[in-house]
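Please read the points below with the sequence and the structure side by side.

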Amino acid sequence: MQKITTFFKKQSDTANQEDIGGSRERSSIKDVVSEGQDPEGTHRSQSSDQIVRLREENETAEARKDKDDLGDLETGPKQVKLAQYPMSYFKFQMRAFNSKWYDSFVWLEYSVEKDAAFCYCCRLFGKQHTRINSDKLQNQGYKNWKKALSSFREHEKTAVHGASMASWQGFKSTKEYGDICMQLHSASINEIQERREYLRRIVAITGFLARQDIPFRGHSEKESSANQGNFLECFKLLSQFDPFLQNYTAASNSTYLSPVSQNEFIQSFAEEVTEEIRKEIKLSGMYAVMTDEAKDGKTEQLAVCVRYVNSDGKVVERFLGLQELKIFDAKTITNTIEALLDANDLGNLTCVAQTYDGASVMSGASGGVQALFRANHPEAIYIHCYAHELNLVLCCTCRAVQEAADFFDCLECVYTFFNTSLVNHEKLIAVQKQLGLPGHELAQLSRTRWSCQLASVTAMLENYSAVLTCLEEIGTPVAVGLRMKLCKFSVVYMMVMFECLLSITDGLHKYLQRVSLDLAEAVMYKEAVCNTLKAKRTDEMAQSLYNRAKAICQANGSDGQSSSPRRKQKRMKEFVVESTCGAVGTDLGSSDNLKRHLYFPCVDRMISELSQRFSSVGDSILKGVQACHPSSVTFLSQDLLNEVALHYNIALRAEEIYVAKHYLAKKNEECSIPDILSVYLLLDCDMFPSLKKLFQIVLTLPVSSCTCERSFSALRRLHTWLRRTMGQERLHNLAVLSIEKESVNSIEPGRVIDRFATLKSRRHTLILPPKK
């Protein structure tokens with residue numbers, strides 16, 4: 001009975017509050033009406049507007065109060081948890097809101113002011129139409145706690161609530177990640193970054209195999225194959241230890257592991273390396289071209305290299321390309337060089353020099369490559385490769401003196417005898433151990449290895465006693481014949497003689513293969529070698545060689561027999577003999593005959609060849625180059641420097657030369673200035689603009705084409721008989737990556753991926769959008 005009394009009391013209190021509110025509204029209306037003189041007159045419309053305005057203010061206040069009581073866009077659903085919620089009667093049963101409903105319905109919120117439940121998403125994100133307006137969970141608030149759970153479940157199944165929930169989730173996602181365009185953009189960036197991380201592994205494998213000259217392809221690359229080739233096998237090996245590759249699954253149509261993709265990655269890598277070279281040359285503003293050709297199987301390959309001074313002040317020689325020659329003539333070679341320079345956007349830059357070997361097709365003054373190339377590049381002077389020149393000096397010396405040619409033929413026969421037969425080779429090693437000699441191998445002669453003559457002579461002198469003993473033990477007719485030749489005193493004398501002469505030129509051979517050498521210093525070293533040979537042309541030196549050869553013969557039990565062949569003198573009856581040439585051999589056993597017929601002729605021939613050669617550059621330009629060297633007596637001679645400046649169209653100012661003389665003299669007192677490069681680094685480009693450019697030209701002038709020769713060494717490693725099906729473009733790209741190993745290490749993989757992505761249209765985007 002007490003519960004019923006309490007219930008009716010609450011109802012009466014609510015009614016009284018409504019009466020009070022209504023009376024307040026009526027009193028305010030009366031006040032408004034009382035202010036007007038005629039309630040039905042003109043002031044009635046104004047009073048009505050004020051009434052409407054007051055009602056709207058009351059409604060707005062109530063809405064603001066409800067808004068403060070419920071959640072908003074920032075806070076989310078306001079799920080109030082109280083120790084005791086207000087109780088209400090439902091058919092004589094007390095019911096109240098339960099906070100456990102929050103766990104089942106995330107959208108549910110509770111208003112303490114109205115003691116009612118609301119749907120947060122429908123209230124804020126629901127569409128305003130009739131069906132929604134009749135939903136108490138959205139507008140009025142739900143208070144029927146007896147049927148609350150069933151009503152909440154039915155409300156949750158409605159399509160309108162589902163749409164409201166989707167709008168709410170979209171709002172939260174937009175708030176956290178941005179709008180839908182931003183989310184799609186972010187998802188796209190993440191996918192691109194994952195693809196690029198995947199491609200970084202492929203680029204790393206490509207660079208490794210290319211640097212190490214390792215083949216990419218396998219005989220069979222099917223999944224069932226035991227060996228799919230180095231490229232795929234390296235990828236498998238990396239996948240075993242790389243967590244990213246273990247978790248990433250590439251699209252079946254875009255694995256980027258096919259042979260076509262391999263070629264594209266190699267091409268992209270090589271183009272990035274060449275791009276670095278191109279940028280450095282453009283910063284330098286000038287370059288020199290070096291070219292050489294070699295036979296590769298049944299094709300002729302042309303290697304093109306460039307020399308320039310980079311931005312750090314270093315003289316560098318870089319490999320530019322490898323081109324196949326269909327026709328080996330001057331016009332084809334010239335067009336191939338020009339096409340490669342134009343492809344790298346170097347045709348408009350100044351080419352200061354061109355360097356080739358001495359072949360007539362290259363060095364011809366009227367129809368050779370150097371003449372045709374100079375038609376488009378008039379400043380490009382022709383420089384015959386000094387390393388080839390020095391090799392020709394030795395070749396001409398051997399051809400001019402018959403005994404010298406026979407001597408080197410004998411050395412080649414001994415090398416062949418011991419290295420083509422395993423039995424003879426093993427026996428020579430055993431004899432060396434028996435005699436207590438170090439196990440030095442005999443050296444083979446070669447026209448392309450320029451220091452092989454000295455190596456062959458030195459190896460024979462070190463193994464002379466072992467070779468004689470071994471030949472004697474073998475005892476075959478060939479062995480006996482070789483031993484008889486080696487025991488001749490003239491052969492021993494030539495071994496000692498050529499070891500002395502070739503040791504003088506060997507240092508120049510090695511020096512001419514450097515990259516950072518300059519033309520002036522090379523000419524100075526050549527003259528020093530020539531002067532040294534002139535100093536060796538003395539009777540005392542000839543006698544010293546004779547005594548040394550005699551000591552070697554005595555140490556090995558040789559009698560030093562005469563090397564002149566015994567010939568039976570024929571009587572020429574009824575004939576007039578005007579000459580006895582060849583009738584009786586020259587006796588080369590005496591010191592005077594060896595000096596006059598071997599030593600002096602060889603020395604004179606070498607001196608003559610050294611003096612006549614190395615003169616492809618004009619005398620005026622060569623003297624101007626020498627005037628740039630600080631050790632020259634004509635250092636900074638204005639007349640000589642003007643010859644070089646005039647050829648290259650440089651307005652050289654006399655004031656710069658005068659100031660430079662005093663400046664460099666002061667610097668020379670503080671520290672030595674050994675070469676042209678040191679002078680170039682000391683000259684400031686603002687203080688000495690024309691003089692510094694002149695020194696840059698002199699440094700750019702090449703001395704040899706050894707860089708091209710070294711590129712053919714890489715070609716032998718790349719184009720083996722197992723890789724003969726390789727195309728010319730792939731061979732060119734692999735040659736660039738093999739020769740320019742240092743540049744490959746410095747290339748950022750992202751640049752290779754960007755170039756790979758732009759080679760052709762791809763199924764998937766691989767380039768990241770630019771950052772704002």
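1. Basis of the note. This is a predicted model, in which local features need pLDDT of at least 70 and side-chain atom pairs count only at pLDDT 80 or more, while totals for chains, interfaces and linings use all residues. Residues are numbered from 1 along each chain as its sequence is written, and side-chain values use heavy atoms, with hydrogens and water left out.

2. Overall composition. The chain contains 33 helices and nine strands; these are DSSP runs numbered from the N terminus, with helices being H or I of at least four residues and strands E of at least two. Of its 772 residues, 43% count as buried. Here buried means under 20% relative accessible area, exposed means over 50%, and partly exposed lies in between (1.4 Å probe, protein chains only). The accessible surface comes to about 41900 Å², and carbon and sulfur atoms account for 51% of it; areas come from the Shrake-Rupley method with a 1.4 Å probe, and for residues only the protein chains shown count as cover.

3. Contacts along the chain. Among contacts between residues at least 6 apart in sequence, 70% join residues at least 24 apart. A contact means heavy atoms within 4.5 Å.

4. Nonpolar cores. A nonpolar core is a set of buried Ala, Val, Leu, Ile, Met, Phe, Trp, Tyr and Cys residues joined through side-chain atoms within 4.5 Å. The largest one has 117 residues, and those touching the most other members are Phe 418, Tyr 493, Phe 498, Leu 512, Tyr 599 and Leu 691. Helix H21 (residues 489-511) supplies the largest share of this core, 15 residues. Apart from it lies another core, of 68 residues, which includes Leu 320, Leu 341, Val 361 and Leu 766.

5. Surroundings of Tyr 599. Which residues does Tyr 599 touch, not counting those up to four places away in sequence? Among them are Tyr 493, Met 497 and Leu 501, together with Lys 536, Arg 537, Thr 538 and Met 541.

6. A covered helix. Helix H18 (residues 452-462) is mostly covered, with eight of its eleven residues buried. Cys 452, Gln 453, Leu 454, Ser 456, Val 457, Ala 459, Met 460 and Leu 461 are the buried residues of H18. Their cover includes helix H15 (386-400), helix H16 (402-419), H19, H21 and H23.

7. Cysteines. The structure holds zero disulfides, a disulfide being a pair of cysteine sulfur atoms within 2.5 Å. Cys 452 counts as buried at 4% relative accessibility, and the closest cysteine sulfur to its own, in Cys 395, is 8.4 Å away, too far for a bond. Cys 628 is also buried, with a relative accessible area of 0%.

8. Salt bridges. Side chains of opposite charge can pair when their charged atoms come close. There are 30 salt bridges in the structure, each defined as a side-chain nitrogen of Lys or Arg within 4 Å of a carboxyl oxygen of Asp or Glu. One of them joins Asp 754 and Arg 196, with the closest N and O atoms 2.8 Å apart. Asp 754 belongs to helix H33 (residues 749-758) and Arg 196 to helix H8 (residues 180-211), so this pair ties together parts that are 558 residues apart in sequence. Asp 754 is partly exposed at 29% relative accessibility, whereas Arg 196 is buried at 12%.

9. Further charged pairs. Lys 595 and Asp 539 form a salt bridge (3.2 Å, N to O). Lys 595 is in helix H24 (residues 591-612) and Asp 539 in helix H23 (residues 539-555), so the two tie together parts that are 56 residues apart in sequence. Lys 595 counts as buried at 15% relative accessibility, while Asp 539 is partly exposed at 43%.

10. A nonpolar surface patch. Tyr 658, Val 659 and Met 687 make a nonpolar surface patch of about 290 Å². Patches are made of residues with over 30% relative accessible area and no salt bridge, with like charges joined within 9 Å and nonpolar side chains (Val, Leu, Ile, Met, Phe, Trp, Tyr) within 5 Å. Tyr 658 is placed in helix H27 (residues 654-670) and is partly exposed, with a relative accessible area of 45%.
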